[in-house]
Amino acid sequence: MGAFDSMKVQNPVALVAAVVSCIVLGSLGGIVTITGPGSWYALLAKPAFSPPGWLFAPVWTLLFILMGISLWMVWNKGAGRRNVRIALGIFAVQFAFNIAWSFLFFGMQSPFLGLVDILILWVLILATIVCFYRVQRTAAYLLIPYILWVSFASFLNYTIYVMNKAK
């Protein structure tokens, strides 16, 4: 029996809504994320391991899809349950920190504030995974690529901060 076999999609609209909401809200940071030639970001010193700019949109889209499915799986367990409400609340807080990162790093052009935010975000993602695990294990597993990517992004953010703090 697969991980999804025991989950009846009683309301596929809720699943689609969760996924689309994560994609749309998660994309809000794109308003301030300008990385092209001549942009503030393009002028920053970056480490050799910095991924090409085109990679970020597909990676984040996939992560937002996984987050939406995960969110739906937990919500589907019953929002009236205390552990579900706690898990959903922590998810909402970490998601707000996720969105805030772009506004701090790109909008305010502050690798330092971005670093502070992303470190808090990492802790909140871990807390979300723990809470989701207590409600629905597969939902927690779906967030592992997210914390791995944010771990990499945290190191990248730190390196950019260190390389550019004298500027």
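Start with the aromatics: a search of the whole structure turns up 18 aromatic pairs (rings of Phe, Tyr and Trp, its six-membered ring, with centres within 6.5 Å; planes under 30 degrees apart are stacked, over 60 edge-to-face, the rest tilted). This is a predicted model, where local features need pLDDT of at least 70 and side-chain atom pairs count only at pLDDT 80 or more, while totals for chains, interfaces and linings use all residues. Numbering runs from 1 along each chain as its sequence is written, and side-chain values use heavy atoms, leaving out hydrogens and water.

Select phenylalanine 49 and phenylalanine 152. Their ring centres sit 6.0 Å apart with planes at 65 degrees, so call this pair edge-to-face. Phenylalanine 49 is in the loop between helix H2 (40-43) and helix H3 (56-75), phenylalanine 152 in helix H7 (residues 144-164), so the pair ties together parts 103 residues apart in sequence (helices are DSSP runs of H or I, at least four residues, numbered from the N terminus).

Next, select Trp60, Phe64, Phe91, Phe95, Phe132 and Tyr146, which form one aromatic cluster.

Then hop to tyrosine 41: lysine 46 lies over its face, 4.6 Å from the ring centre (NZ of Lys or CZ of Arg within 6 Å of the centre and within 35 degrees of the ring normal).

Last stop, the cysteines. There are zero disulfides (cysteine sulfur pairs within 2.5 Å). The sulfur of cysteine 131 is 16 Å from the closest one, in cysteine 22, too far for a bond.

Note on methods: Helices (H or I, at least four residues) and strands (E, at least two) are DSSP runs, numbered from the N terminus.
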